[in-house]
Amino acid sequence: MPTAIELAEQFQASLMGEASSAFIGLAPLESARQDQISFLSNPLYRQQASESHAGALIVSKADFDFLQEIKGPTPSKRVYFVSKNPYATFARMAQYFAKQSAPAYAAGIHPSAAIDPSAVIPDSCHIGPFVQIEAGVRLGERVSILGNTSIARNSVIASDTLIYPSVSIYQGTQIGERCIIHSGAVIGADGFGFAPDFSSKGEEWVKIPQTGNVVIGNDVEIGASTTIDRGAMSDTVIGSGTKIDNQVQIAHNVVVGACCVIAGCAAISGSTKIGNFCIIGGAANFAGHLTIADRTTVSGNTSIIRSITEPGQHFTGVYPSMPHSAWEKNAAILRGLDKIRQRLRLLDNNKNSES
């Protein structure tokens, strides 16, 4: 078990308390034991943190000072890791403990895997059962591809990337280092491109060939059953450090910048460009051919239909739920807003003429 001083040094936190204390992992405030670490990042939970049985807490300097003043059942031997960003320190420390118990994917190729002789697969890679790897595929060192995953021709996957079972990666896809792709994701399927032809001689939607690729940067995580379409002629691009939740749809020719976060069920239409460090809430959706500035935040269920040019703005367009009878009344008022506006203009004009 790592000691407090070892953890403090590794995660650059100031240690307050017994340096030799050892810990087995992390736990929530309400259930943590003496040999576990918890964290406090919201002042609303200061009292709960004081009463917690956790043997160590990750806290800010302000929260540490506050907890020292509280008189209560705080464990006398508690250790504090004082950090400028307790939540981020918790996340990194959680990664450390998770690696201790994570499954180890031994290097080697399962006998049931079907691999084209032209594929480049270093000896350090793990290829699971029933994996299919087509011609021209190149893998970096220590890539792990778990069972029933398909890697189509000429795809490139860089070092230390982990691909969970039943992922489909279409031809020509490029994936960077240390990426994580969860089960059911589909990377590089055709974008939704069709030209209408309903003239006298034609009655069909004519498919536009999707000849671009998908390019994914380093340290990207893609959630389960998320789909990222290949570009029509240019590439669909996901910037380094971006984290994408489950069941997200990213259409053809979309460009997502670096270090964005996209929550579940969001949808981004074709050729929209998302800036760097953007935060997109669950079920938010974007029309096509938009440009979204850096550090934009979009609340869940919000529809974005126009470009956002000023960085750092927060957009919300969601009505909170209400009883249906109340919604009907509000909807009736909304339908009459145009008439109300006309009446107000008429009153305003009459008032101006009288003056």
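**Reading the strands and surface of a predicted model**

Student: What share of the residues is buried?

Tutor: Buried means under 20% relative accessible area, exposed over 50%, and partly exposed in between, with a 1.4 Å probe and protein chains only. By that cut-off, 39% of the 355 residues in the protein chain are buried.

Student: How many helices and strands are there?

Tutor: Helices (H or I, at least four residues) and strands (E, at least two) are DSSP runs, numbered from the N terminus. The protein chain has six helices and 36 strands. Its radius of gyration is 27 Å, well over the 20 Å that the globule rule gives for 355 residues, so the chain is more spread out than a compact globule. That radius is taken over C-alpha atoms, and the rule is 2.2 Å times the number of residues to the power 0.38. The C-alpha trace spans about 80 × 75 × 35 Å along its principal axes.

Student: Now the sheets, please. What is the strand order in the five-stranded one?

Tutor: Here is the general idea: strands of a sheet pair through backbone hydrogen bonds, either parallel or antiparallel. Two strands count as paired if DSSP finds at least two bridges between them. In this structure the five strands form an open sheet in the order β1-β5-β4-β3-β2, with mixed pairing. Its edge strands are β1 and β2 (25-26), each pairing on one side only. Strand β1 (residues 14-16) pairs with β5 in the antiparallel sense over three bridges, with Ser 14 opposite Val 82 in β5. Strand β4 (residues 56-59) runs parallel to β5, joined by four bridges, and Leu 57 stands opposite Tyr 80 in β5. Strand β3 (residues 36-39) also pairs with β4, in the parallel sense over three bridges; the partner of Phe 39 in β4 is Ile 58.

Student: Which way do the side chains of strand β5 point?

Tutor: In a regular strand the side chains alternate between the two faces of the sheet. In β5 (residues 79-82), Val 79 and Phe 81 point one way and Tyr 80 and Val 82 the other, and all are buried.

Student: Where are the edges of the sheet with 11 strands?

Tutor: That open sheet is parallel, in the order β6-β8-β11-β14-β17-β22-β25-β28-β31-β34-β36. The edges are β6 (108-109) and β36, each with a single partner strand, so one side of each is left without a neighbour in the sheet. Further in the order, β31 (residues 279-280) and β34 (residues 297-298) pair in the parallel sense over two bridges, and Ile 280 has Val 298 in β34 as its bridge partner.

Student: Is His 314 buried or exposed?

Tutor: His 314 lies in strand β36 (residues 314-315), and at 54% relative accessibility it counts as exposed. Leaving aside neighbours within four places in sequence, His 314 is in contact (heavy atoms within 4.5 Å) with Thr 297 and Ser 299.

Notes. Residues are numbered from 1 along each chain as its sequence is written. This is a predicted model: local features need pLDDT of at least 70, side-chain atom pairs count only at pLDDT 80 or more; totals for chains, interfaces and linings use all residues. Side-chain values use heavy atoms; hydrogens and water are left out.
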